[in-house]
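Hi,

Here is the structure I said I would pass on, with the sequence alongside.

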Amino acid sequence: MTRILQIFRKDIRHLWPQAAASLILMALAAILDPTYINGRQQSLSYSLLVGFALPLACWNLIIAAIHEEKLPGDRQYWLTRPYFWKELLTAKALFVLVFINLPLLVWHFGAFAAVGIPLGEHLPALLWRQLFFSAFY
């Protein structure tokens, strides 16, 4: 467990600019979400943000997290402190959960609460949506 957290902390230290950009784009998309204001049409800027910029930022963050573990060379972390592939996979999955899935889930909770939909009844649907989002990206 400590190796997983070490890899996770290393990824946070190295990828905080990309993670911050993704979180800012997600917050901006949540603010511009037409769900929060009744009768408001979906704007072009919201469509571009959610349809293009946000997926691109998520893909960039996921790819950067995967490429943090460089394979060629002789100065890699995994050569000096060997760890198992399961630990590495768990740390990368934790990174994606914390910086992509958790903010997205909070955004969806906010949208449901703004419309007045009870969260308890629709929690399985939200979790399935998270699973679909993770599998898609």
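Let me start with Q130, which sits in helix α5 (residues 119-136). Helices here are DSSP runs of H or I with at least four residues, strands are E runs of at least two, and both are numbered from the N terminus. Q130 counts as buried because its relative accessibility is 7%; buried means under 20% relative accessible area, exposed means over 50%, and partly exposed is in between, with a 1.4 Å probe and protein chains only. If you skip its neighbours within four places in sequence, Q130 is in contact (heavy atoms within 4.5 Å) with N101, L104, L105 and H108.

A word on where this comes from: it is a predicted model, so local features need pLDDT of at least 70 and side-chain atom pairs count only at pLDDT 80 or more, while totals for chains, interfaces and linings use all residues. Residues are numbered from 1 along each chain as its sequence is written, and side-chain values use heavy atoms, with hydrogens and water left out.

Now the overall picture. The protein has five helices and zero strands, so the order from the N terminus is α-α-α-α-α. It has 137 residues, and 32% of them count as buried. Taking contacts between residues at least 6 apart in sequence, 71% join residues at least 24 apart. The accessible surface is about 9000 Å², and 71% of that belongs to carbon and sulfur atoms; areas come from the Shrake-Rupley method with a 1.4 Å probe, and for residues only the protein chains shown count as cover.

Next, the charged pairs. Side chains of opposite charge can pair when their charged atoms come close. I counted a salt bridge wherever a side-chain nitrogen of Lys or Arg lies within 4 Å of a carboxyl oxygen of Asp or Glu, and that rule gives four of them.

One is between E87 and R3, at 3.5 Å from N to O. This pair links distant parts of the chain, with E87 in helix α4 (residues 85-115) and R3 in helix α1 (residues 2-32), 84 residues apart. E87 counts as buried because its relative accessibility is 16%, whereas R3, at 33% relative accessible area, is partly exposed.

Then there is D11, which has a relative accessible area of 0% and is therefore buried. D11 forms a salt bridge with K10, their closest N and O atoms being 3.2 Å apart. K10 is buried too, at 9% relative accessibility. D11 also meets K92 in a salt bridge, at 2.9 Å from N to O. Here again distant parts of the chain are linked: K92 is in helix α4 and D11 in helix α1, 81 residues apart. K92 has 10% relative accessibility, so it counts as buried. Through shared partners, salt bridges join K10, D11, E68 and K92 into one network.

Last, how do the axes of α1 and α2 cross? They come within 9 Å of each other and cross at roughly 155 degrees, with α2 covering residues 44-66. That makes the two helices roughly antiparallel. The axes are lines fitted to C-alpha atoms over the stretch in contact, and angles run from 0 to 180 degrees between N-to-C directions; under 35 degrees counts as roughly parallel, over 145 as roughly antiparallel, 65 to 115 as roughly perpendicular and the rest as oblique. Residues of α1 that meet α2 include L15, Q18 and A19, and on the α2 side they include S45, Y46 and L49.

Cheers
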